[in-house]
Amino acid sequence: MQKLFKFFHPKELYTLCETCRPFLGYICFVLFAAGLYLAWHTPLDYQHGSTIRILYIHVPASWMALFIFAAMGMCALIFLVGKIPTAPFIMKALCPAGLVFTALSLITGSLWGRPAWGTWWVWDARLSSMALLFLQYWGCFIIYRVRVQKSFYLSSLFVLVGLINLPIIKWSVTWWSTLHQPASLMKWSGPSIHSSFMPPLLCMALASLVYTLWIVTLRLPVELSRVRFEARHKTFRLSSGKHHE
Amino acid sequence: MNDMYIYGAYGVFFLCLSVLGFISYYKKKCHDTP
């Protein structure tokens, strides 16, 4: 528990972000470049042809959308149960990245659906639950933007309740009959896609993960310092008010 | 015809990531500048 407290100390987090940021930026750039190269140099799918390339960005974007929300849920739990005050700042720094990846998952999914299924959108269980996840991210984003009182408590509760949607998204293709294809990678019997599709997919997924960490290292120090400034400002106002009394 | 969807998807993907990266970088730079 002491180690956890030490890790979440603002100074430790600030130093960690400042140290890791340059490396993460370069690694992210290299991984995206490698992913793009691999995506254009792997064999095409025998049914879908070149449109398979859309999946090299659609699948990592969807994974990241789910992963970031799960990470936000973890931070919410650490904040509410562990009473660690810096955990919601990580949540706040993660939120825009999650929002963008969810939007990208929906947009690239639509661009895949048009040539593959003949339609841009259909209200099946997977697509609808993913749209709901987008609204959940949007709700969180709005809570942070309007800065309501106790926004961290409100957003943490909102995220914790919203976690129910994650298993629904994951198993929606199993529980209901959907136009979206069933899981072909993350299943007990192992991946059912051809092994030649794996390197670009994993490379882009890793690049997306590093990109998210890079965004967090950029946004987290700003959030931590802003609150420190606001706290100082509040102290000043309180002390000046007391002085006038 | 399919190429239009592929380039569209990749264009949107990298555009969105670049915009978010730029906004985050800009915020950090403004914050660091005294």
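**Labels and their cut-offs**

Modeller: Along its sequence, chain A follows the pattern α-α-α-α-α-α-α-α. This is a predicted model, in which local features need pLDDT of at least 70, side-chain atom pairs count only at pLDDT 80 or more, and totals for chains, interfaces and linings use all residues. Residues are numbered from 1 along each chain as its sequence is written, chains are lettered from A and ligands numbered from 1 in the order in which they are written, and side-chain values use heavy atoms, with hydrogens and water left out.

Colleague: What makes a stretch a helix, and how many helices and strands does chain A have?

Modeller: Helices (H or I, at least four residues) and strands (E, at least two) are DSSP runs, numbered from the N terminus. By that rule chain A has 8 helices and 0 strands.

Colleague: How do you know that the span of helix H5 of chain A agrees with its number of residues?

Modeller: The expected span is 1.5 Å times one less than the number of residues. For the 22 residues of H5(A) that should give 32 Å, and the end C-alpha atoms are 31 Å apart, so the two agree. Helix H1 of chain B, residues 2-32, passes in the same way: its 31 residues should span 45 Å, and its end C-alpha atoms are 45 Å apart.

Colleague: Why is A:Glu223 called buried?

Modeller: Buried means under 20% relative accessible area, exposed means over 50%, and partly exposed lies in between (1.4 Å probe, protein chains only). A:Glu223 has a relative accessible area of 7%, so it is buried. A:Lys92 has 17% and is therefore buried. Of the 245 residues of chain A, 48% count as buried.

Colleague: Which residues of H5(A) are buried, and what do they pack against?

Modeller: Among them are A:Leu127, A:Met130, A:Leu133, A:Tyr137 and A:Ile143. The buried residues of H5(A) pack against H3, H4, H6 and H7 of chain A.

Colleague: What makes a set of residues a nonpolar core, and how many residues has the largest one?

Modeller: A nonpolar core is a set of buried Ala, Val, Leu, Ile, Met, Phe, Trp, Tyr and Cys residues joined through side-chain atoms within 4.5 Å. The largest has 69 residues, and A:Met72, A:Phe101, A:Tyr211 and A:Leu220 have the most contacts inside it. The elements giving two or more residues to this core include helix H3 (52-80) and helix H8 (198-244) of chain A, and also H1 of chain B. H3(A) gives the largest share, 16 residues.

Colleague: What is A:Leu220 in contact with, leaving aside its neighbours within four places in sequence?

Modeller: Contact means heavy atoms within 4.5 Å. With those neighbours set aside, A:Leu220 is in contact with A:Leu13, A:Cys17, A:Phe89, A:Ile90 and A:Ala93.

Colleague: How many residues of chain A are in contact with chain B, and what area do the two chains bury between them?

Modeller: 35 residues of chain A are in contact with 20 residues of chain B. Buried area is the accessible area (1.4 Å probe) that two parts lose on being put together, summed over both. For chain A and chain B this comes to about 2,500 Å², 76% of it on carbon and sulfur atoms.

Colleague: What makes A:Glu18 and B:Lys28 a salt bridge?

Modeller: A salt bridge is a side-chain nitrogen of Lys or Arg within 4 Å of a carboxyl oxygen of Asp or Glu. The side chains of A:Glu18 and B:Lys28 meet at 3.2 Å, N to O, and the rule finds 1 salt bridge across this interface. Over all chains, the whole structure has 4.

Colleague: Which other salt bridges involve A:Glu18 or B:Lys28?

Modeller: A:Arg21 meets A:Glu18 at 2.9 Å, N to O, and B:Lys28 meets B:Asp32 at 3.0 Å, N to O. B:Lys28 and B:Asp32 are 4 residues apart in helix H1 of chain B, so about one helical turn separates them. B:Lys28 is buried at 4% relative accessible area, whereas B:Asp32, at 44%, counts as partly exposed. Salt bridges that share partners join A:Glu18, A:Arg21, B:Lys28 and B:Asp32 into one network.

Colleague: Where in the chain are the partners A:Lys92 and A:Glu223?

Modeller: Their side chains meet in a salt bridge at 3.1 Å, N to O. The pair links distant parts of the chain, with A:Lys92 in helix H4 and A:Glu223 in helix H8 of chain A, 131 residues apart.
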